[in-house]
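This report walks through one protein model in plain terms. Look at the sequence and the structure first, then read on.

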Amino acid sequence: SLASSLSSITMAGAAPHKATVKSVLSADTVIVMGQPVGGPPPEKTITLAGIISPRLGRRDGTQKDEPFAWPAREFLRKACIGKAVTFELEETVASIGKSFGNVYLDGENLSSLIVAAGWAKVKPVMGNNAARTAYQEELQRLESQAQSSGLGMWTKDAGAGTASVRNVLLPVDGGYDAKEVLDAFKGQPQLLVTEQFRDGATVRGYLLPSFHWVTIFLSGVSCPGFKRAEEPGAPDVAEAFALEAKYFMESRLLNREVSVMLEGVDKYNNFYGSILHPQFNISVELLKVGLAKVVDWSAKFTKDPELLYKSERIAKERRQRIWKDYVAPVRPTGAASAAEFVGKVTEVISGDFLVVKDSAVPPVEHRIALSSIRAPKLGRRDEKDQPWAYEAREFLRTRLIGRKVTVGIDYIRPLPNATSGETERVFAS
């Protein structure tokens, strides 16, 4: 298993192990992960044997990239991120905390792939290992071909090396102002290379092509997080489901290029935004599987807050993960007709039906039908909407979603034959 390989394999000759590339740190260093079993999977950081690539600069700006470091890293990232590979370790050097080995993508050694493309140099042959010597000679042949062809860092363009060094923009004194960046980019999807997930709802990475280093909180969503340990040097303490939420995001989006919509900022130069994906809404997926909660005040930044609340309700009804002990509120049938409460509109289901969260501790959501009116119905599944049903709902949603309201209960009607699980319907003004 990969778990055993991570702790015990330090010598050459062991059988290759299957894994998935989780992250690409540079053109010669990757992080691979195994299969999750009862939690996030084991991981291993591997420095590719026999080669050395240009070093990326520090994220705090104290050290610049070496020439060609970024395009070299990007070549490898685009080639293998998220893909199935096999790997074998040659040695682990405890004094520098590194494991050296070979990683194979579709049977091809990544070291050969990078050297042939001109993005890494071959290390001198060390020791008397005949197999290793033969392999190093093959790498040197590939390096010579890349040099003669002017590939990668061996380009004939004299200014290419200097041009490849990034000017990373940081949100610190003397750096950028997040509000100005938001004003410049708001309403326009931006390309982001994700580099780190602090937790399931917080991503860090580079906006391209400007190279702003940004921290983005997902609008309207909060995931379990990590608390600093009381003992110095001890690892952070994960809240329940924090590791699972983080893995949920990393396995899908870490080191990927995604589109983001910047929607707000805080006083610490952090952004609020939504990740745009052609196949899924990642915030909605987090909520549906019970790994996140809706944050009312930042949900208003999003294009469709109602969708977030609906997704959270699905997880509650299924008692998924953080909602495993959730108990749905039950309003007594005999509630007084004059009952009244204050709350916030969290979802508009149709032109005459909405959900209001009251101000109790903990708050309770109430499904409310408006008294004395009937709006056109939205279609279910393959049914068509009645004429003007969508417009009626949008009329109500744009005026009420997220707003504080006073609800006066007019009457409660039992629903003895309902198939939705509801036993009654509350009608109110």
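## The model and the chain

This is a predicted model, in which local features need pLDDT of at least 70, side-chain atom pairs count only at pLDDT 80 or more, and totals for chains, interfaces and linings use all residues. Residues are numbered from 1 along each chain as its sequence is written, and side-chain values use heavy atoms, with hydrogens and water left out.

The chain has 11 helices and 22 strands, taken as DSSP runs numbered from the N terminus (helices: H or I, at least four residues; strands: E, at least two). Of its 429 residues, 46% count as buried, meaning under 20% relative accessible area with a 1.4 Å probe, counting protein chains only. Among contacts (heavy atoms within 4.5 Å) between residues at least 6 apart in sequence, 60% join residues at least 24 apart.

## The barrel

Which strands close into a barrel? Five do, in the order E9-E10-E11-E16-E15, and their pairing is mixed; two strands pair if DSSP finds at least two bridges between them. From one strand to the next, the twist averages 50°. Angles run from 0 to 180 degrees between N-to-C directions, with axes fitted to C-alpha atoms, for helices over the stretch in contact.

Strand E11 (residues 212-218) pairs with strand E16 (residues 271-276) in the parallel sense, over three bridges. Leu218 has Gly273 in E16 as its bridge partner. Helix H6 (residues 178-185) packs on the sheet and touches E9, E10, E11, E15 and E16; its direction makes about 115° with that of E15. Helix H2 (residues 69-80) lies across E9, E10 and E15, running at about 80° to E9.

## Two nonpolar cores

A nonpolar core is a set of buried Ala, Val, Leu, Ile, Met, Phe, Trp, Tyr and Cys residues joined through side-chain atoms within 4.5 Å. The largest has 35 residues, of which Met249, Leu262, Phe271 and Leu286 touch the most other members. Leaving aside residues up to four places away in sequence, Leu262 touches residues including Val181, Leu182, Phe185, Ile216 and Phe271.

A second, separate core of 33 residues includes Val21, Val30, Val115 and Ala160. In soluble globular proteins, nonpolar side chains tend to be buried together.

## Helix H10

Helix H10 (residues 305-318) has 14 residues and reaches 21 Å from its first C-alpha to its last, close to the expected 20 Å. The expected span is 1.5 Å times one less than the number of residues. Its buried residues include Leu308, Tyr309, Glu312 and Arg313. Arg319 follows H10 and has a positive phi, near 55°.

Definitions and conventions: Buried < 20%, exposed > 50% of the residue type's maximum accessible area, 1.4 Å probe, protein only.
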